[in-house]
Amino acid sequence: MHKAGFVNIIGNPNVGKSTLMNAFVGERLSIITSKAQTTRHRILGIVNGEDFQAVLSDTPGIIKPAYEMQESMMNFVKSAFEDADVLIYMVEIGEQALKDEDFFKKIIHAKIPVLLLLNKIDNSNQEQLEQQVQFWKEKVPNAEIFPISALQNFNVPEVFARIIELLPASPPFYPKDQLTDKPERFFVNETIREKILLHYNKEIPYAVEVETEEFLEDDNIIRIRAVIMVERDTQKGIIIGHKGTALKKVGVESRADLEKFFGKQIHIELYVKVNKNWRSNERQLRRFGYNQN
């Protein structure tokens, strides 16, 4: 019997959803930084076995939306409830609630299996862990609770084994050699955006979108030209840095990661353009893959 299904990961920003997804898939599909709201899209990672296919979905952290782009991000989370066969609700030690009460009600009334993963237990002691497990048992009585450390891979294989047990009987949804539903350019954009999240402060990373304009692949090399969009001229200057040093650093680090990801030599050119108020512009958001509903 072959099993297949959609396993959707939801939770507050920065609880470790992307780290968990990458641990399951064995590839860095979702970008990981210590900043909140790192994931903006719904990213599918596909794990295949001889008799199963788990289609994992990493979603943006749940927030109260402040502008159009964040509204779109929360629509990706809503869609995760609609097609899930197994729902993973991820919390971290010390956390007490979701940032959106409506989503929380959906979890406790879910008609599908819910796995509540209590992450970052390496930051706690035994007494605190026991208190947290009891707290979440009462708060989400319909969930199976697993204490884990996604970063240290503690209890992650056990969670994955339980997911496979819960998947319904079904043929695969995707070809068995497929790793994700996203095109190559998406991972180029995300890799560059990750470097911007790591190296720039305050509003800059959140005002940035990346678009790959050229992706030319030969046998030995991939030539990439990508544009970093910002909302204001001052942001453009900060991204480029003195004599272009900041932008060069982003390019060098992105190239190193992309060479590992694609297993080929990478030539990358980065440009910076001002695209005023793109986060509140419906047409621009659609162009960048938001507002697809």
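Guide: Helix α4 has 14 residues, 126-139, and at 1.5 Å a residue it should span 20 Å; its end C-alpha atoms are 20 Å apart, which agrees. The expected span is 1.5 Å times one less than the number of residues, and helices are DSSP runs (H or I, at least four residues), numbered from the N terminus, while strands are E runs of at least two. The model is predicted: local features need pLDDT of at least 70, side-chain atom pairs count only at pLDDT 80 or more, and totals for chains, interfaces and linings use all residues. Residues are numbered from 1 along each chain as its sequence is written, and side-chain values use heavy atoms, with hydrogens and water left out.

Leu129, Gln132, Val133 and Trp136 are the buried residues of α4. They cover an arc of only 100° around the axis, which puts them on the same side of α4; the arc is that of the directions from the helix axis to the C-beta atoms. An α-helix has 3.6 residues a turn, so residues three or four places apart point the same way. Glu127, Glu130 and Glu138 are exposed on the other side of α4. Buried means under 20% relative accessible area, exposed over 50%, and partly exposed in between, with a 1.4 Å probe and protein chains only.

At the N-terminal end, α4 is capped by Asn125, which has a side-chain oxygen 3.3 Å from the backbone nitrogen of Glu127.

For contrast, eight of the nine residues of helix α1 (residues 17-25) are buried, so α1 is largely enclosed by the rest of the structure. Among them are Leu20, Met21 and Phe24. Gly26 follows α1 and has a positive phi, near 80°.

Conventions
Polar contact = N/O pair within 3.5 Å; in protein donor to acceptor, adjacent residues only side chain to side chain.
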